[in-house]
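Me: Got a structure I'd like to go through with you. Can we start with the pockets?

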Amino acid sequence: MTNERRVLVHPDKQSLGASVAARFITKIIDVLEEQNYASIVVSGGSVSTLVLAAINASAARDSVDWSKVSFWWADERWVEANDADRNDRQAGIDLLDHIGVLPENIHRFGAVGDYATVEEAAAAYSAELLENAQGDDDAPRFDITLLGVGPDGHIASLFPDKPQVLTAAPTVLTVSDSPKPPPVRLTLSLPVINNSQRVWTILAGAEKASSLGLALAGAGADQVPVAGVKGRKRTVFFVDSDAAAEVPENLIASTY
Ligand code: 6PG
């Protein structure tokens, strides 16, 4: 099995959401059959809603034994629990509140009110990752990590030209000056994200085209963070045709 980057282009945003949802459900069923549990990482933003809501709407949703699936977050906004800005709240609305996932398998970041400082919340999440790691790893080997990408190429809360994106340690980082509001955030470092068997990056819209094009053309992760994603087994970019405008022709898979 090769671990080349693959780009799968879809005609529009709706078909993109439906296609990722269908592949996700199929893959989770395969993973559960193989190892009897699965761990997933989700993020925030419009694309997370697109995909999670499409999974929720799928007729195949209930063919997954969700009690064996655990959920983690790639990043979180440092606001109170239940604040409309929380990525975990949005994921609840989109999918998690509607399926039989067990509360102990929902690994949320701490919120304002749970911890005195964002640094303490980061340390607690690092410890939780470590507790759930296998062997010598510092974090679980996630089965699928779903990431959105900002127009500036950011993933999770790893923004261009900020020190967090270059952090080589597998850890949880804090951000105090996020260019995308709210300013204070928690994020997995790139090595934790890349400890996933599969990283699926999802992009829709013309405003994402140049970041994707640069990332695939060899830009550095410091300038275009999405350039740094690499799953252990697979790295797939699911895109709509607008976001695909600057993808080198030879990277586009012929079918999806
Ligand atoms: C967040 C995210 C962030 C998001 C991108 C893309 O906290 O907002 O986790 O990394 O995935 O900003 O967001 P869109 O899909 O809305 O463009």
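This is a predicted model: local features need pLDDT of at least 70, side-chain atom pairs count only at pLDDT 80 or more; totals for chains, interfaces and linings use all residues.

Me: What volume does the largest pocket have?
Reply: About 310 Å³.

Me: And which residues lie nearest its centre?
Reply: Lys-27, Asp-30, Arg-198, Trp-200 and Arg-234. They belong to a lining of 18 residues.

Me: OK, second largest pocket. How much space lies in it?
Reply: About 230 Å³. Its lining has 18 residues, with Gly-44, Gly-45, Gly-148, His-154 and Lys-180 nearest the centre.

Me: What classes are in that one?
Reply: Eight polar, five nonpolar and five charged. Helix H2 (46-57) and E4 each supply at least two of the lining residues.

Me: Switching to charges. How many salt bridges does the structure hold?
Reply: Nine. One of them pairs Arg-86 with Glu-76, with the closest N and O atoms 3.6 Å apart. That pair links distant parts of the chain, ten residues apart. Glu-76 is in strand E4 (75-77), and Arg-86 is in the loop between E4 and helix H3 (87-94).

Me: Are Arg-86 and Glu-76 buried or exposed?
Reply: Arg-86 is at 2% relative accessibility, so it counts as buried. Glu-76 is buried too, at 0%.

Me: What does Arg-77 pair with?
Reply: Asp-85. The closest N and O atoms of that salt bridge are 3.9 Å apart. Arg-77 is buried, with a relative accessible area of 10%. Asp-85 is at 34%, so it counts as partly exposed.

Me: And Arg-141, what does its side chain meet?
Reply: Asp-137, in a salt bridge at 2.9 Å, N to O. Arg-141 is partly exposed at 30% relative accessibility. Asp-137 is at 17%, which is under the 20% cut-off, so it counts as buried.

Me: New topic: H6. Why call it largely enclosed?
Reply: Because six of its eight residues (209-216) are buried. Those are Ala-209, Ser-211, Leu-212, Gly-213, Ala-215 and Leu-216.

Me: What do they pack against?
Reply: Three strands: E1 (5-10), E9 (198-203) and E10 (234-240). E1, E9 and E10 also each supply at least two residues to the lining of the largest pocket.

Me: What happens just after H6?
Reply: Gly-218 takes a positive phi of about 105°.

Me: Last one. Where is Gln-164?
Reply: In the loop between strand E6 (144-148) and strand E7 (172-175). Gln-164 counts as buried, at 12% relative accessibility.

Me: What does its side chain reach?
Reply: The backbone oxygen of Thr-174, at 2.9 Å.

Me: Which residues is Gln-164 in contact with, leaving aside neighbours within four places in sequence?
Reply: Leu-158, Leu-173, Thr-174 and Val-175.

How values were computed: Residues are numbered from 1 along each chain as its sequence is written. Side-chain values use heavy atoms; hydrogens and water are left out. Buried means under 20% relative accessible area, exposed over 50%, partly exposed in between (1.4 Å probe, protein chains only). Helices (H or I, at least four residues) and strands (E, at least two) are DSSP runs, numbered from the N terminus. Contact means heavy atoms within 4.5 Å. A salt bridge is a side-chain nitrogen of Lys or Arg within 4 Å of a carboxyl oxygen of Asp or Glu. A polar contact is a pair of N or O atoms within 3.5 Å; within protein, one must be able to donate a hydrogen and the other to accept it, and residues adjacent in sequence count only if both atoms are side-chain atoms. On a 1 Å grid over the protein atoms alone, a cavity is a set of points where a 1.4 Å probe fits but cannot get out, and a pocket is an open set with protein on both sides within 12 Å along at least five of seven lines; lining residues have an atom within 4 Å of a point. Grid points are joined across faces, edges and corners, and a volume is the space filled by probe spheres set on the points. Ala, Val, Leu, Ile, Met, Phe, Trp, Tyr, Cys and Pro count as nonpolar, Asp, Glu, Lys and Arg as charged, and the others, Gly among them, as polar.
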